[in-house]
Amino acid sequence: MANGDGAAIIETRQSERKVILASSLGTVFEWYDFYLYGLLATIISAQFFSGVNETTGFIFALAAFAAGFAVRPFGALVFGRIGDLVGRKNTFLVTMGLMGVSTFLVGVLPGYASIGVAAPILLVLLRLVQGLALGGEYGGAATYVAEHAPEGKRGLFTSFIQTTATLGLFAALGVVILIRSVIGETAFADWGWRIPFLISVILLGVSLWIRLQLEESPVFRQMKAEGTTSKAPLTEAFGRWANLKWVLIALFGAVAGQAVVWYSGQFYALFFLEKTLKVDGATANILIAIALALGTPFFIFFGWLSDKVGRKPIILAGCALAAITYFPAFQMLTSAANPAMAKAQQNAAVIMAADPGACSFQFDPIGGNKFESGGCDIIKSTLAKAGANYTAFTRERMTGDPARVRIGSRVLAAPDPWRIAEEDRAGAIAGFRADLERALADAGYPAKADPDQINKPLVVAILFYLVLLVTMVYGPIAALLVELFPSRIRYTAMSLPYHIGNGWFGGFLPTTAFAMVAATGNIYYGLWYPVIVAVITLVVGLLFLPETFRRSIHHEDADPAAH
């Protein structure tokens, strides 16, 4: 080999490493910003939604978390179009700046106690800006890296981008755990939660500097030189059925299932530990962080493996395993993380009997309902706050009868507020809630998970399994999406299904699942949401999704079905 050839190979490898490192570090920063809010949902609920009842406040906080996801597809449209028109590099520089500034502002935003309802409104607006920015970031980074990757290594190269979501979450967990341990839980809940948001401005500066060192994608440079860039990427991607059908197949046959598995395995598992199983926040964060540290290398493994066996079988296998194992896995998680609660559920089942017409859906988007209009609502809201798993037993013939709750062998009748004098109503309701909480405690339902009773190795093992499923569905997805669409509309076309899937199907998962739990009383009922979506993706993917791992991404005229 000539010296010139060797030097060229070394330079190319250095360039490849630089592309992966710079793209990945920048995307880690954006995910760090975005997921801080999810990690601190319980504290943010208290800070910004303190004017509502606890159950509604938490769901409302999750809804604000989901608001950032709701606008991600719109960010994909706006910035995807710009990326296909003017280039990949400059577009994701803009998205990073928007993300960094909005994250910093969350850290200085006054709470509900200071400015009232303006606080949650401003918080949601900042989340919307974050969502728009993230909608343009991922497609740019994935496209940029894939267009630099050698043939046969796109799965491996883009898998580093796939680690960034988890690494960003892991970085956010690490910062939160460190600050909590240094200043203590009380100070952290009061003001310390702002620190992780504020220090993001430093990460923003570093990430922007790194990204500025990059050059434009070689594929885009070639299209620009040849004059073959799309003049109307939105119309070309979504206004022509030949391309739109692959957007829909990508969404329902790959991304939707990937998204619900991702958010179930990382975020829903964390919320389930904290909110339902009553594990303290610091312990839950540490357990999740350990599982993430163990699982993260498998993003790269499955990305590499997809270059050998294909993207489709790995992604669909992850969806199938999730659909089959989620219910037993989360039941095992209950036994491992809060054995006292699991034992109480077996020995003292909670059954509520009430007129079905007197029971409200336990979610109030306005935030003013304390669910005290009837006995059924009083029982359900108290049980939801306690995290108790219960069966709702309703009969039409109970119309007019008081709502009752059985805990083991003990039966309590709820007060009917309309039959109690107004001046005595609040006392009667408070007294019943106290009696119900004592009855739960007497039956063995713990107010908090006992840290000494948590089987930490088993909890980590279960969480690691859930993360492993995440790596299966997420590791190859970027390469698959890049390969599905031609270069001239790639940024736009791949970004929309990705962000509809992850922003809507995935981002709304915690809110939807916890609302389902609150409505039914079954702490596992929310799992039906990811299970059903994963099954839909499995069926659509098996029937319609093509395999893409052997195709060239430079062949503009290739029909996605041709390979």
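1. A friendly start with the surface: the chain exposes about 21500 Å², and carbon and sulfur atoms supply 65% of it. Accessible areas here come from the Shrake-Rupley method with a 1.4 Å probe, and for residues only the protein chains shown count as cover. Please keep in mind that this is a predicted model, in which local features need pLDDT of at least 70 and side-chain atom pairs count only at pLDDT 80 or more, while totals for chains, interfaces and linings use all residues. Residues are numbered from 1 along each chain as its sequence is written, and side-chain values use heavy atoms, leaving out hydrogens and water.

2. Now the overall build. The secondary structure comes to 25 helices and four strands (DSSP runs numbered from the N terminus: helices are H or I with at least four residues, strands E with at least two). Of the 563 residues in the chain, 58% are buried (buried is under 20% relative accessible area, exposed over 50%, partly exposed in between, with a 1.4 Å probe and protein chains only). Among contacts between residues at least 6 apart in sequence, 85% join residues at least 24 apart; a contact means heavy atoms within 4.5 Å.

3. The buried residues of H11 are Ser 200, Leu 204, Ser 207, Ile 210 and Arg 211. They cover an arc of only 135 degrees around the axis, so they sit on the same side of H11; the arc is that of the directions from the helix axis to the C-beta atoms. On the other side of H11, Ile 202, Trp 209 and Leu 212 are exposed.

4. Next, the aromatic rings. Rings of Phe, Tyr and Trp (its six-membered ring) pair if their centres lie within 6.5 Å; planes under 30 degrees apart count as stacked, over 60 as edge-to-face and the rest as tilted. By this rule there are 22 aromatic pairs. One of them, Phe 48 with Trp 193, is edge-to-face, at 5.8 Å centre to centre and 80 degrees between the planes. Phe 48 lies in helix H2 (residues 41-48) and Trp 193 in the loop between helix H9 (185-190) and helix H10 (195-198), so the pair ties together parts 145 residues apart in sequence.

5. Finally, His 499 belongs to helix H23 (residues 490-506). His 499 is buried, with a relative accessible area of 0%.
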